[in-house]
Amino acid sequence: MRQKGEPKGKRKLGRGAVIPAVLALAAVLCYDAFLRTVTVTESGFAMDAVVTVTVKGNKKDAEAAAKEALEAIQSLEKDELSRFLESATVYQANANPGTAVPVSADLNWLLENGIDLQQKTGNAFDITLGAVSDLWDFNGESPQVPDAKAIQALLEQDRSLHIEDDCLTVAAAGALDLGAVGKGMACDVAEFPRSGSNAVREAVVSVGGSVLLWGSRDNFKVGIRNPFGALTEQMGILTTSACCVSTSGGYERFFEQDGVRYHHILDGRTGYPVQNGLASVTILTRSGAMSDALSTACFVLGYEDSLPLLIEYKADAVFIYEDGGVRVVACSLRPLSFVITDEAFHSMDSGLLGA
Ligand code: AMP
Ligand code: MG
């Protein structure tokens with residue numbers, strides 16, 4: 001019976017009830033500790049870029065998922081995409097022109113979609129510019145403008161890719177270059193358990209200019225780099241839901257000769273660096289590989305010619321011009337806002353096209 005002054009609901013526990021109550025409390029605390037959400041980050045290096053994998057979940061599963069994602073990205077480079085590591089399929093295909101080299105299902109998909117985009121852009125985007133890029137030698141000690149005839153000769157040679165029975169044949173030595181899609185593809189191979197006992201809640205993967213936003217939130221924030229500033233300088237912030245975000249810009253790799261800046265994104269139709277007034281293009285789509293492919297393709301094509309592609313791939317885009325102008329194009333149904341945070345930039349017209 002409740003005594004006077006004793007709070008309602010309070011019961012005196014008999015001795016026999018204390019031990020089970022303590023055990024129950026301990027069980028609840030253990031369960032809570034097990035389920036407690038933490039954020040873990042795993043960092044490494046792949047594809048000439050810093051890779052950061054951040055995962056939110058219970059400690060054990062988040063750590064395992066982050067580690068696995070980083071390993072998958074590093075394997076993608078080592079086993080499949082690298083032009084420089086002998087262990088990679090792309091290296092082997094380039095080193096043995098005319099010979100069929102086995103490819104994985106993922107690489108097959110990537111090649112077919114790359115070739116498809118190449119056709120849709122009339123070769124402005126071209127995954128067989130490897131030898132032409134080598135002529136420019138953007139990564140070398142003393143890069144310089146190559147001989148025009150040498151560029152033309154490489155462009156005119158048979159650079160076709162042939163895929164049959166899960167094998168790839170490259171017609172010209174050194175032609176295949178998946179540099180325009182690799183970092184985005186890396187975001188696609190970073191898989192996270194969505195359900196089951198080892199499910200994680202959220203993840204963000206960053207591989208150079210490509211970022212994967214994974215989880216059910218609709219307010220992920222991604223800073224867009226100031227194309228005229230230092231590596232860490234941002235000019236605006238995108239807020240959106242789960243997708244992949246890739247940025248292409250001439251600032252990534254370049255050299256100057258006689259007062260002219262030459263950067264690493266070539267127009268596949270001419271073999272020369274693109275000069276169309278754009279400083280960078282950012283693309284948002286579901287697929288990492290396609291966000292990366294489209295960021296390069298749209299950078300080469302320019303705003304007007306990119307619009308049909310953005311509609312077809314249900315992609316959103318941010319175009320930044322060399323004079324600081326910014327155009328946002330939304331062609332998906334995902335929530336999207338973009339705020340310019342640097343007053344050196346100004347908004348131009350923005351449009352909502354189809355869905
Ligand atoms: P991204 O930074 O994704 O735009 O990719 C740039 C890289 O793609 C370059 O470093 C080259 O390896 C390769 N690349 C350059 N120009 C093109 C092009 N027109 N089409 C496809 N790949 C290209
Ligand atoms: Mg790209």
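I call a residue buried when its relative accessible area is under 20%, exposed when over 50% and partly exposed in between, with a 1.4 Å probe and protein chains only. I note that this is a predicted model, in which local features need pLDDT of at least 70 and side-chain atom pairs count only at pLDDT 80 or more, while totals for chains, interfaces and linings use all residues. Residues are numbered from 1 along each chain as its sequence is written, and side-chain values use heavy atoms, with hydrogens and water left out.

**Entry: two aspartates**

I looked up Aspartate 258 and found it exposed, with a relative accessible area of 74%. Aspartate 258 sits in the loop between β11 (254-257) and β12 (260-263), where helices (H or I, at least four residues) and strands (E, at least two) are DSSP runs numbered from the N terminus. Its phi is positive, about 50°, although Aspartate 258 is not a glycine. I keep in mind that most residues other than glycine have a negative phi.

I then turned to Aspartate 137, in the loop between α5 (130-136) and α6 (148-156), which also has a positive phi, of about 55°. Aspartate 137 is partly exposed, with a relative accessible area of 36%.

**Entry: helix α8 and its ends**

I checked helix α8 (residues 288-301), whose 14 residues reach 20 Å from the first C-alpha to the last, close to the 20 Å expected (1.5 Å times one less than the number of residues). I found 14 of the 14 residues of α8 buried. At the N-terminal end, Serine 287 caps α8 with a side-chain oxygen 3.4 Å from the backbone nitrogen of alanine 289. After α8 comes glycine 302, with a positive phi near 85°.

**Entry: α8 against α9**

I followed α8 to helix α9 (residues 303-312), and the two axes come within 7 Å and cross at roughly 145°; axes here are lines fitted to C-alpha atoms over the stretch in contact, with angles from 0 to 180 degrees between N-to-C directions. Leu294, Cys298 and Leu301 of α8 meet Tyr303, Asp305, Ser306, Leu309 and Leu310 of α9, contact being heavy atoms within 4.5 Å.

Leaving aside residues up to four places away in sequence, Serine 306 touches Cys298, Leu301 and Phe319.

**Entry: helix α7**

Among the buried residues of α7 are Lys183, Met185 and Val189.

Technical notes: Chains lettered and ligands numbered in written order. Polar contact = N/O pair within 3.5 Å; in protein donor to acceptor, adjacent residues only side chain to side chain.
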